[in-house]
Amino acid sequence: MSHPGERYVAEAAARTQEVDELRGRARSIEITRLVLFVVGAVAGLLRNDVPVPAPLVVVVSVLALVGFAVLVVRHRAVRARLRRAEARRLLAQAGTHRRHRNWEGLATEYDDYGYEDPLLAPLAGTDERHPYLLDLDLFGPASVRGLMGPTPTAVGNRTLESWLVAPTSAEDIRRRHGAVRALAEAVDAREERTVEALLLRRMPEEEWQGFEAWLRGPAVFGDTAAVLPGWSRVVSWVMPALSLPLFALWSVGDTLPWWSWGGLWAVQFALTWVWSARLTPFLSGASRHSAGVRGHHALFRSWEQWPVDAPEIRSIVGRLSGGSGAAASEEIRSLERWLDAAESRASMIYHVVSPLVFWDVHVAWGLERWRRRAGANAPAWFEALGELEALSALATLAWDEPEWAAPTIVEGEAAFRAEGLGHPLIPREDRRVSDVALDPPGGFLLVTGSNMSGKSTLLRSIGLGAVLAQAGSVVCARSLELSPLRTFTSMRIRDSLTGGVSLFMAELLRLKALVDAADVEGEGPLLYLVDEVLQGTNSEERRIAARRIVAHLLGADAIGAVTTHDLALHDDPALDPASKKVHFRETVGAEGEKILTFDYVLRPGLATSRNALRLLEIVGLG
């Protein structure tokens with residue numbers, strides 16, 4: 001198997017060539033069918049006005065129009081192949097952009113194809129109360145989410161988000177890692193299913209919720225609260241079975257009076273008018289809320305035919321069947337046919353056919369039978385599909401980053417031990433890695449160093465290692481051993497003018513939430529990452545408050561790291577023995593040189609240097 005970077009480049013070149021060829025072929029077909037249509041139409045209209053035998057002109061016209069019809073079908077097939085080739089090219093080019101951390105290029109590729117992912121959108125309105133979302137760059141245009149493969153369906157997006165924003169059990173984590181490993185190795189099969197998902201119209205979250213509500217909706221036929229009485233189904237079969245043959249007999253002879261069928265039709269038209277008005281909300285709701293389901297049968301079928309015998313994947317694929325005994329792909333295809341029948345209400349012929357055969361009643365009954373037979377199982381099918389798609393996105397990251405490690409999950413006392421830990425968003429050629437081991441509860445990592453030296457980046461690397469590992473992903477490290485942890489960060493604290501919250505108060509509220517989270521019992525140990533405690537107040541009060549907060553965390557079932565500029569924090573006799581001290585340092589240029597360099601190497605002990613005044617000089621404020 002080739003290297004990911006080489007494979008993406010080769011695949012992008014091959015797919016670009018294929019796209020260009022198919023586009024050229026599609027344009028040729030478009031021009032040819034236009035010519036054939038014009039020839040066929042003109043020849044048919046002018047067959048008696050040209051100095052050529054009329055039968056010959058008719059033959060030419062017919063052949064031209066037949067050729068036109070054949071090319072219409074051919075054009076659809078070429079367009080389908082083109083769309084599939086464009087999807088494959090997107091995966092290859094997006095892979096190259098991900099590996100190079102080219103966020104602008106990645107966004108352009110997605111926009112050009114028409115792929116939208118709400119997890120890659122700017123974080124407007126993000127819940128600031130979440131334990132770590134704002135601090136770890138999980139979502140947004142330049143984020144960890146961007147390093148993963150696409151999740152084209154709403155359920156895949158929702159599943160991946162849920163795995164990244166909340167911890168889970170050690171058993172679930174191990175199961176996810178096994179599935180990710182199997183998917184990462186089956187590159188072609190995984191990408192084939194991603195392409196199948198990209199070919200679907202994206203189903204917005206609101207539409208998906210509407211579909212779920214439609215599945216749970218009240219019955220249409222039967223009881224007194226139903227839309228139609230149960231006997232309406234009998235009438236919808238019996239009356240057309242009588243009126244249509246009577247009309248046919250009347251048409252071929254005069255033995256039957258017109259009112260024999262006319263009276264039945266009058267009743268049918270009246271019932272159709274009443275029943276259709278009642279059924280319109282149900283049928284329109286089915287079309288509106290289920291529109292995004294169309295085409296999903298092909299995606300379900302592709303997963304049902306997963307070729308690699310991996311038990312972690314087989315267990316999920318096995319859920320793509322339900323109480324009816326039919327596979328999810330078959331049931332979804334059946335639903336698609338009934339939805340197409342419901343959509344026919346928009347055609348002109350519907351208004352003629354519907355009263356004669358009670359079309360709305362039959363369609364509504366078909367949809368109702370489907371809900372009774374498969375509706376209860378459909379959410380589980382889509383839930384399984386969401387898991388497969390989320391795992392596929394994580395497997396793409398595992399394939400893209402072969403140097404990254406699959407973490408080892410341990411149970412028991414809280415643990416986080418990493419070798420070669422780095423920040424995943426930093427390009428590999430610029431990334432610096434560190435060995436980090438957090439002390440068990442009762443101890444903490446004290447990180448010191450000057451401005452811009454790498455303290456905050458280290459905390460984010462720890463947090464992302466914990467979050468990604470528990471989501472089921474590989475991590476940016478040579479190795480990582482950790483227990484299931486609840487992560488809580490306090491880093492990017494912001495004031496709020498509209499909310500009347502100062503920076504100091506915002507910091508206090510965040511730290512109060514952290515302390516409360518540490519005090520929660522029965523939910524597992526906490527991993528806390530605190531960057532500069534209470535910057536919004538004076539030095540002496542900051543020292544006192546920081547000591548109290550850290551001392552409280554040391555008494556909880558928690559492990560973590562704290563960064564500080566305050567080199568006196570370790571002087572507290574209760575904190576000094578509990579802290580493992582590490583630091584970053586900088587290199588200052590010779591006297592008069594405005595040079596300040598960092599090697600981002602984590603070293604034992606406390607930092608002893610400061611660089612604020614030198615930074616003032618470098619920017620011209622010294």
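Which residues of H13 are buried? Keep that question open while you get your bearings.

**Before you start**

This is a predicted model: local features need pLDDT of at least 70, side-chain atom pairs count only at pLDDT 80 or more, and totals for chains, interfaces and linings use all residues. Residues are numbered from 1 along each chain as its sequence is written, and side-chain values use heavy atoms, with hydrogens and water left out.

**Stop 1: the whole chain**

Show the protein chain as a cartoon. It holds 20 helices and 14 strands. Both are DSSP runs, numbered from the N terminus: helices are H or I with at least four residues, strands are E with at least two. Of the 622 residues, 49% are buried. Buried means under 20% relative accessible area, exposed means over 50%, and partly exposed lies in between (1.4 Å probe, protein chains only).

Accessible areas come from the Shrake-Rupley method with a 1.4 Å probe; for residues, only the protein chains shown count as cover.

Look at contacts too (heavy atoms within 4.5 Å). Among those in the chain with a separation of 6 or more, 76% join residues 24 or more positions apart.

**Stop 2: helix H13**

Select residues 328–343, which form helix H13. Here is the reply to the opening question: the buried residues are Ala328, Ser329, Glu331, Ile332, Ser334, Leu335, Glu336, Leu339, Ala341 and Ala342. They pack against helices H8 (205–215), H10 (259–290), H11 (296–304), H15 (359–375) and H16.

The expected span is 1.5 Å times one less than the number of residues.

**Stop 3**

Select Arg373 and Glu331. Their side chains meet in a salt bridge (2.9 Å, N to O). A salt bridge is a side-chain nitrogen of Lys or Arg within 4 Å of a carboxyl oxygen of Asp or Glu. This pair links distant parts of the chain: Arg373 is in helix H15 and Glu331 in helix H13, 42 residues apart. Is Glu331 buried or exposed? Glu331 is buried, because its relative accessible area is 4%. Arg373 has 35%, so Arg373 is partly exposed.

Stay on H13 and pick Glu336 and Arg333. Their side chains form a salt bridge too (3.1 Å, N to O). Why are they separated by about one helical turn? Because they are three residues apart in helix H13. Glu336 is buried at 2% relative accessible area, while Arg333 is partly exposed at 29%.

**Stop 4: Ser287**

Move to helix H10 and select Ser287. Ser287 is buried, with a relative accessible area of 12%. Leaving aside neighbours within four places in sequence, Ser287 is in contact with Arg294, Leu339, Ala342 and Glu343.

**Stop 5: more salt bridges**

The whole structure has 32 salt bridges. Select Asp137 and Arg492, whose side chains meet at 2.9 Å, N to O. This pair links distant parts of the chain, 355 residues apart. Asp137 is in the loop between helices H4 (133–136) and H5 (154–165). Arg492 is in the loop between strand S8 (486–490) and helix H18 (503–519). Arg492 is partly exposed, at 35% relative accessible area.

**Stop 6: the nonpolar core**

A nonpolar core is a set of buried Ala, Val, Leu, Ile, Met, Phe, Trp, Tyr and Cys residues joined through side-chain atoms within 4.5 Å. The largest one has 124 residues, and Leu138, Phe416 and Ile462 touch the most other members. Helix H16 (residues 378–400) gives the most to this core, with 13 residues.

Zoom in on Ile462. Leaving aside neighbours within four places in sequence, Ile462 is in contact with Phe416, Leu421, Val436, Leu438, Leu527, Leu529 and Ala561. A second, separate core has 23 residues, including Phe444, Ala518, Ala556 and Val562.

**Stop 7: a nonpolar surface patch**

Select Leu34, Phe37, Val38, Val42, Leu45, Leu46 and Leu65, which make a nonpolar patch of about 630 Å². Patches are made of residues with over 30% relative accessible area and no salt bridge; like charges are joined within 9 Å, nonpolar side chains (Val, Leu, Ile, Met, Phe, Trp, Tyr) within 5 Å. Helix H1 (residues 4–45) gives the most to the patch, with five residues. Leu65 is in helix H2 (residues 54–99). At 37% relative accessibility, Leu65 counts as partly exposed.
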